[in-house]
Amino acid sequence: MLHKVIIICIATVIPAIANAWADDPASDGSLKQVMQRLDQDYSSLNHAILVKNFDAAERSAHAIAYHEKPSLGQRMKILRKLGSEMSAFKNADEKVHRLAIKVEEAAKAKDMSLLIRYQSQMLSTCMGCHTSYRNEIVNSLDN
């Protein structure tokens, strides 16, 4: 009997994990997929703010703060392309991480004013990075 229960559990859990992994845009390790996932999380955060759903805002901010990293191969291509600019690029990513944590904390505290302030700062940081590096990085990864 225990053997059947274990088999049923495995048969249920493995496909669920596989489906969740397949549905995760970052699962292939590409920067594009990581950014698409961040876009989804950021859109969810915006929606949560609009409808004053602090729990959803907290979850979305957490997902942004602890997003997947691109594969090592992709990171090495980015490093080769950016060279000495890599530290500024990394600093922008770390700033987004810190701001996402602040958004998460503001959502947990149900402080809409702080939540919006940090969300706005996060968007500005993202857009600054995109303006500075997007074309250069996209071109280096396409080659």
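The model is predicted: local features need pLDDT of at least 70, side-chain atom pairs count only at pLDDT 80 or more, and totals for chains, interfaces and linings use all residues. Residues are numbered from 1 along each chain as its sequence is written, and side-chain values use heavy atoms, with hydrogens and water left out.

The protein has six helices and zero strands. Helices (H or I, at least four residues) and strands (E, at least two) are DSSP runs, numbered from the N terminus. A search of the whole structure finds three salt bridges.

**Overall fold**

- The element order from the N terminus is α-α-α-α-α-α.
- The protein has 143 residues, and 33% of them count as buried. Buried means under 20% relative accessible area, exposed means over 50%, and partly exposed lies in between (1.4 Å probe, protein chains only).
- Among contacts with a separation of 6 or more, 70% join residues 24 or more positions apart. Contact means heavy atoms within 4.5 Å.
- The accessible surface comes to about 9,300 Å², and carbon and sulfur atoms hold 58% of that. Accessible areas come from the Shrake-Rupley method with a 1.4 Å probe; for residues, only the protein chains shown count as cover.

**Salt bridges**

- A salt bridge is a side-chain nitrogen of Lys or Arg within 4 Å of a carboxyl oxygen of Asp or Glu.
- Side chains of opposite charge can pair when their charged atoms come close.
- D41 pairs with R37, with the closest N and O atoms 3.5 Å apart. Both residues lie in helix α2 (residues 31-50), four residues apart, about one turn of the helix. D41 is buried, at a relative accessible area of 10%. R37 is partly exposed, at 31%.
- K90 pairs with E94, and here the closest N and O atoms are 4.0 Å apart. K90 and E94 are four residues apart in helix α5, so about one helical turn separates them. K90 is partly exposed, with a relative accessible area of 36%. E94 is also partly exposed, at 32%.
- K108 and E58 form a salt bridge at 3.7 Å, N to O. K108 lies in helix α5 and E58 in helix α3 (residues 54-65), so this pair ties together parts that are 50 residues apart in sequence. K108 is exposed, with a relative accessible area of 57%. E58 counts as buried, at 19% relative accessibility.

**A buried charge without a partner**

- E104 sits in helix α5 (residues 86-108).
- E104 is buried but has no salt bridge. The nearest side chain of opposite charge is K108, 5.5 Å away. For charge, Lys and Arg count as positive and Asp and Glu as negative; His and the chain ends are not counted.
- Leaving aside neighbours within four places in sequence, E104 is in contact with E58, A61, H62 and Y66.

- Q74, I78 and L82 are buried in α4. They cover an arc of only 60° around the axis, which puts them on the same side of α4. The arc is that of the directions from the helix axis to the C-beta atoms.
- An α-helix has 3.6 residues a turn, so residues three or four places apart point the same way.
- The buried residues of α4 pack against α2, α5 and α6 (112-142).
- The face turned away from the buried side carries the exposed residues L72 and R80.
- G83 follows α4 and has a positive phi, near 55°.

**Nonpolar surface patch**

- L72, M76 and L79 form a nonpolar patch on the surface, with about 270 Å² of accessible area together. Patches are made of residues with over 30% relative accessible area and no salt bridge: like charges are joined within 9 Å, nonpolar side chains (Val, Leu, Ile, Met, Phe, Trp, Tyr) within 5 Å.
- L72 lies in helix α4 (residues 72-82). L72 is exposed, with a relative accessible area of 56%.

**N46 and S60**

- N46 lies in helix α2 and counts as partly exposed, at 27% relative accessibility.
- N46 and S60 are 14 residues apart in sequence and 9.0 Å apart in space, C-alpha to C-alpha.
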